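Subject: Structure handover

Hello,

Here is the structure I promised to pass on. Please look it over before reading my notes.

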Amino acid sequence: MAETEVTNEQKAQQQAAPEEKIEVNELPDNDEAIETKTSQEYDASNIRVLEGLEAVRMRPGMYIGSTSQRGLHHCIYEIVDNSIDESLAGFCTDIYVTINKDNSVTVEDNGRGIPVDIKPGTNKSALEIVHTVLHAGGKFGDGGYKVSGGLHGVGASVVNALSEKYIVEVSRQGFVWRQEYMRGEPVAPVEKIKETDKTGTKTTFWPDPEIFTETTEIDADVVSNRLREMAFLNKGLKIIFADLRTDSNEIYHYVGGIGSYVEFLNQNRNVLHEKPIYIDKVVDGMQIEVAMKAFCHSLTTSTRIQAELI
């Protein structure tokens with residue numbers, strides 16, 4: 001009986017309480033026009049062809065991953081990789097990477113130097129073509145490089161397109177050749193500026209704040225770690241890294257290649273043998289380089305042995 005009275009009381013409260021109103025936004029009928037920015041007319045006039053390096057500036061993330069600081073650093077790696085390819089070809093021993101006080105970056109090597117002669121059928125210097133045309137370079141099987149890290153021919157041209165200012169100087173054929181660009185466009189033709197007995201390529205670029213809106217400040221520690229790894233992976237190559245903003249200087253030079261890298265990774269571990277196991281040989285025209293070192297560390301119930309394999 002008591003339960004029935006409670007139930008009746010609850011019913012009375014529910015009937016007295018105001019109904020909760022729920023607003024429902026009705027979807028437009030299929031026949032109603034929905035305002036968009038798309039034109040009803042779609043014909044050949046809507047097709048846009050991006051000329052030269054315009055596509056790079058419009059969609060930079062397609063080429064360098066992002067326009068954050070990570071993409072900024074990627075520009076440095078693209079230019080450095082060109083110098084490393086010269087090392088892989090057997091013509092470059094030293095690479096200088098410098099962060100200047102104004103956050104511009106200079107990369108200089110002692111390789112053969114980018115060709116500067118006129119490419120047949122274009123009436124342009126090969127130096128200008130490399131820096132202004134996508135997918136142009138010496139890594140497409142025409143004998144310039146047998147082995148290379150970059151295979152797409154977009155490195156220098158993309159960095160040029162994303163730079164407010166870009167200057168390249170090539171030491172080749174007894175002279176220094178120079179060309180300057182502004183946001184990917186040549187300021188003047190390639191010019192011969194002085195005599196030299198050296199060879200190599202020197203590139204200085206100023207990242208464009210219109211592209212890198214987040215920051216144009218380079219993180220030296222991030223770049224330093226990458227350059228160290230590249231020196232480990234390219235046995236005998238010397239990379240000299242300088243940051244003029246802090247007057248710091250580092251030299252990365254490892255004659256042991258990835259064997260030295262394994263020693264670096266294990267420098268604070270309890271290793272089971274002093275020198276790494278190291279294999280470096282050519283098999284069927286392919287170079288194979290392997291390094292490993294075993295180390296141990298105590299656990300609560302046992303000792304585990306691991307191998308560091310690169």
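This is a predicted model: local features need pLDDT of at least 70, side-chain atom pairs count only at pLDDT 80 or more; totals for chains, interfaces and linings use all residues.

Residues are numbered from 1 along each chain as its sequence is written, and side-chain values use heavy atoms, with hydrogens and water left out.

**Overall**

The protein chain has eight helices and 15 strands. Both are DSSP runs, numbered from the N terminus: helices are H or I with at least four residues, strands are E with at least two. The chain has 310 residues, and 35% of them are buried. Buried means under 20% relative accessible area, exposed over 50%, and partly exposed in between (1.4 Å probe, protein chains only). Take the contacts (heavy atoms within 4.5 Å) with a separation of 6 or more: 54% of them join residues 24 or more positions apart.

**Helix α7**

Helix α7 covers residues 220-233. Its 14 residues should span 20 Å at 1.5 Å a residue, and the end C-alpha atoms are 20 Å apart, so the two agree. The expected span is 1.5 Å times one less than the number of residues.

The buried residues of α7 are A220, V223, S224, L227, M230, A231 and F232. An α-helix has 3.6 residues a turn, so residues three or four places apart point the same way. The cover over the buried residues includes α4 (69-88), β1 (94-99), β10 (238-243), β11 (248-253) and α8 (258-265).

**α4 against α7**

The axes of these two helices come within 11 Å and cross at roughly 25 degrees. Axes are lines fitted to C-alpha atoms, for helices over the stretch in contact, with angles from 0 to 180 degrees between N-to-C directions. α4 and α7 are therefore roughly parallel (angles under 35 degrees). On the α4 side, H73, I76, Y77, V80, D81 and I84 take part; they meet V222, V223, R226, L227 and M230 of α7.

**Two buried residues**

H131 sits in helix α5 (residues 126-132). It is buried, at 1% relative accessibility. Its side chain reaches the backbone oxygen of L127 at 2.9 Å. Beyond neighbours within four places in sequence, H131 touches L53, I114, A156, S157, N160, Y166, V168 and Y181.

V56 belongs to helix α2 (residues 54-58). Its relative accessible area is 0%, so V56 is buried. With neighbours within four places in sequence set aside, its contacts are Y63, L134, V158, A161 and L162. The C-alpha atoms of V56 and S157 are 9.1 Å apart, although 101 residues separate the two along the chain.

**Two positive phi values**

Most residues other than glycine have a negative phi. R183 is not a glycine, yet has a positive phi of about 50 degrees. R183 lies in the loop between β6 (175-182) and β7 (185-186), and is partly exposed at 28% relative accessibility. D247, also not a glycine, has a positive phi of about 55 degrees. D247 is in the loop between β10 and β11, and is exposed at 68% relative accessibility.

Best wishes

Terms used
Angles under 35 degrees count as roughly parallel, over 145 as roughly antiparallel, 65 to 115 as roughly perpendicular and the rest as oblique. A polar contact is a pair of N or O atoms within 3.5 Å; within protein, one must be able to donate a hydrogen and the other to accept it, and residues adjacent in sequence count only if both atoms are side-chain atoms.
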